[in-house]
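Dear colleague,

Please find below the structure I promised to pass on, followed by my notes on what turned up in it.

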Amino acid sequence: MGDNTETLASRVVARWAARSETIACCESLTAGLLSATLAGVPGASAVLRGGLVVYATDLKETLAGVPAEVLREHGPVARRTALCMAEGARARLRATWAVALTGVAGPEPQDGHPVGEVWLGLRGPGVRAARNLRLSGDRAAIREESVRQALRGLLAAAGEE
């Protein structure tokens, strides 16, 4: 099985199309890179509902529906925030599945969180999960690896990886 980003994205699109299910993305540090990666696959329109880019913390609340108290208590880079982002995107974009990414790409730490701390949130039928990714590299590498991990997370949730 291929492990590059394009192959992973193609596998996700094929798997979700075969299941007649859809995906929504809610992205902070990746700023739409995951959505763009999925959209680059021929046939993605059958699967990709859309995405929310919530780079600014206040948009996590207003666009993605993360409760203000979650942001106050946990901050923008947290397990609970990633879960709420996925749940909000799934509901707002009326998708079967949603994937969320929030974290610190660098070059500097943010609010006590180190560069490379990324939270992946997934929400789908029978799935509500978050995983802390500890990534390394420069800003571009962290953002690209976040996308790969999100695609792998979707495939794993679908029982493929």
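Helices α1 and α6 are roughly parallel to each other, a term used for angles under 35 degrees, while over 145 counts as roughly antiparallel, 65 to 115 as roughly perpendicular and the rest as oblique. The axes of α1 (residues 5-19) and α6 (residues 139-157) cross at roughly 30° and come within 9 Å; axes here are lines fitted to C-alpha atoms, for helices over the stretch in contact, with angles running from 0 to 180 degrees between N-to-C directions. Helices (H or I, at least four residues) and strands (E, at least two) are DSSP runs numbered from the N terminus. Where the two helices meet, α1 contributes Thr-5, Leu-8, Ala-9, Arg-11, Val-12 and Trp-16, and α6 contributes Val-147, Arg-148, Leu-151, Arg-152, Leu-154 and Leu-155, contact being heavy atoms within 4.5 Å.

Please keep in mind that this is a predicted model, in which local features need pLDDT of at least 70 and side-chain atom pairs count only at pLDDT 80 or more, whereas totals for chains, interfaces and linings use all residues. Residues are numbered from 1 along each chain as its sequence is written, and side-chain values use heavy atoms, with hydrogens and water left out.

Turning to the strands, β4 (residues 117-124) has 7 of its 8 residues buried, that is, under 20% relative accessible area, with exposed meaning over 50% and partly exposed in between (1.4 Å probe, protein chains only). Strand β4 runs antiparallel to β3 (residues 97-103), to which 6 bridges join it, and it also pairs in the antiparallel sense with β5 (residues 127-134) over 8 bridges; pairing requires that DSSP finds at least two bridges between two strands. Trp-119 of β4 is the bridge partner of Thr-102 and stands opposite Asn-132 in β5. The hairpin of β4 and β5 has 2 residues between the strands, and Gly-126 there takes a positive phi near 75°.

In the loop between β3 and β4 lies Pro-107, which is joined to Gly-106 by a cis peptide bond with omega about 20°. Ser-20, in the loop between α1 and β1 (23-27), has a positive phi of about 55° although it is not a glycine, and this residue is exposed at 66% relative accessible area.

Finally, the whole structure contains 0 disulfides, a disulfide being a pair of cysteine sulfur atoms within 2.5 Å. The cysteine sulfur nearest to that of Cys-25 belongs to Cys-26 and is 8.9 Å away. Cys-25 is buried, with a relative accessible area of 0%, and Cys-26 is likewise buried at 0%.

With best wishes
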